[in-house]
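Have the viewer open as you read.

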Amino acid sequence: MRRPLAIPILLSAALCACQRPPPATRGIPPAAADGVRRWLAGATPDGTPATPRPPVDRGFLALGAEVYRLRCIPCHGVNGNGKGIHAARLSVPSRDFTRGVYEFRSTPTGTLPTDLDLFRTVSRGVHGTAMIPWNWLGDAERWAVVEHVKSFSPRFREEGAGDPVLVPPAPDETPALVALGATAWVRNGCGKCHGETGEGDGPSAATLRRDGGSPVRPLPFSAGRFLRGNSMEDLWITLATGLDGTPMPSYAAVPPEELWALSAWVRDRAGLAGAPPGRALPPDADEQLGWRIDIEER
Ligand code: HEC
Ligand code: HEC
């Protein structure tokens, strides 16, 4: 009785294998996969929503829970505590949403990010970590998952988001501006953590910790990879608002022109000033791991 059974089973297994999409794009449309590959090479998508946030009703909340279940649980965990099944594989830990503390905000240090900030983080990804860009999900799905992420921390129910800090128009990246940045770098003591030349080897670098207690080291600027993106505006807002939950402070008290000078100096260290946009970067281990977890292994 065994033999006749085995044949149909083998046959259907073979058919299944043929119907399976190629591993590199599993679960993601091919055009979207190309976008993520460009991100892996250093590009950062814009991340601005094309449509406003839909009204928060039951359908919207259910959609958010569903997107979170399908896409985010592997790293951020069922309860949003950052303890997903893949968390232990990541060298940069996935965010614990129950704390309600966010690195990438347009709002002052210590305040909550706006919904748009969260939408943009989800859409743009976080370079140097396994958090790939999710801009290939629809706008409604991204707005909905943002609402779900917020639901993990009571902070969002108790206090509103901070008031966004407006980024002034960026000046030209002239050699004079870079030189001003070099002086501002010394004056503000950035080298204490980042090292004199921004290679991440300052005297306190080895002792820096995240709020949760895990070690964190600033990336060497010369590698050209910036968590948030490498434009003048990305760097300026990071300096103006800090990266909450990490030792990177906010320099809101420093005049805006000086923050531009510092941004230009950092970009110069990274070889980005005047470089053609879209210069490809060598692969990063955590980014590649994010790709495997999110795209290939599902
Ligand atoms: C493969 C693992 C992985 C998956 C899957 C993942 N993330 Fe992340 N996420 C991370 C890591 C790692 C960080 C921490 C980045 C850092 O510390 O800079 C992060 C950070 C974040 C942050 C915090 C950024 C900040 O400002 O501090 C948000 C919001 C976020 N993820 C949302 C999501 C959403 C929504 C999904 C699902 C659509 C998702 N993530 C899926 C790994 C992942
Ligand atoms: C007390 C230590 C400390 C000081 C002082 C400090 N930083 Fe940082 N900085 C960090 C850490 C830690 C990170 C990385 C955070 C992370 O990986 O989440 C960082 C990240 C950065 C980044 C990368 C942002 C990105 O998107 O990747 C830039 C740029 C930066 N700092 C510039 C500066 C400048 C300019 C100054 C001085 C005005 C300065 N930092 C002072 C600790 C510090």
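Which backbone nitrogen does the side chain of Asp-284 reach? The side chain of Asp-284 gets to the backbone nitrogen of Asp-286, at 3.1 Å. There's also the backbone nitrogen of Glu-287, 3.0 Å from a polar atom of the Asp-284 side chain. Asp-284 itself sits in the loop between helix 10 and helix 11 (285–296); helices here are DSSP runs of H or I, at least four residues, numbered from the N terminus. Leaving out residues up to four places away in sequence, Asp-284 touches Gly-128, Thr-129 and Arg-225, where touching means heavy atoms within 4.5 Å. Asp-284 and Arg-225 are 59 residues apart in sequence, with 9.0 Å from C-alpha to C-alpha.

This is a predicted model, so local features need pLDDT of at least 70 and side-chain atom pairs count only at pLDDT 80 or more. Residues are numbered from 1 along each chain as its sequence is written, and side-chain values use heavy atoms, without hydrogens and water.

| Iron atom | Coordinated by | Distances |
|---|---|---|
| ligand 1 | His-76 (NE2), Met-131 (SD) | 2.0 to 2.2 Å |
| ligand 2 | His-194 (NE2), Met-248 (SD) | 2.0 to 2.2 Å |

His-194 counts as buried because its relative accessibility is 14%, and buried means under 20% relative accessible area (1.4 Å probe, protein chains only). His-76 is buried too, at 10%.

Key:
Chains lettered and ligands numbered in written order. Donors = N, O, S within 2.8 Å, 3.2 Å for Na, K, Ca; no water. Buried < 20%, exposed > 50% of the residue type's maximum accessible area, 1.4 Å probe, protein only. Helix = DSSP H or I, 4+ residues; strand = E, 2+ residues; numbered from the N terminus. Polar contact = N/O pair within 3.5 Å; in protein donor to acceptor, adjacent residues only side chain to side chain.
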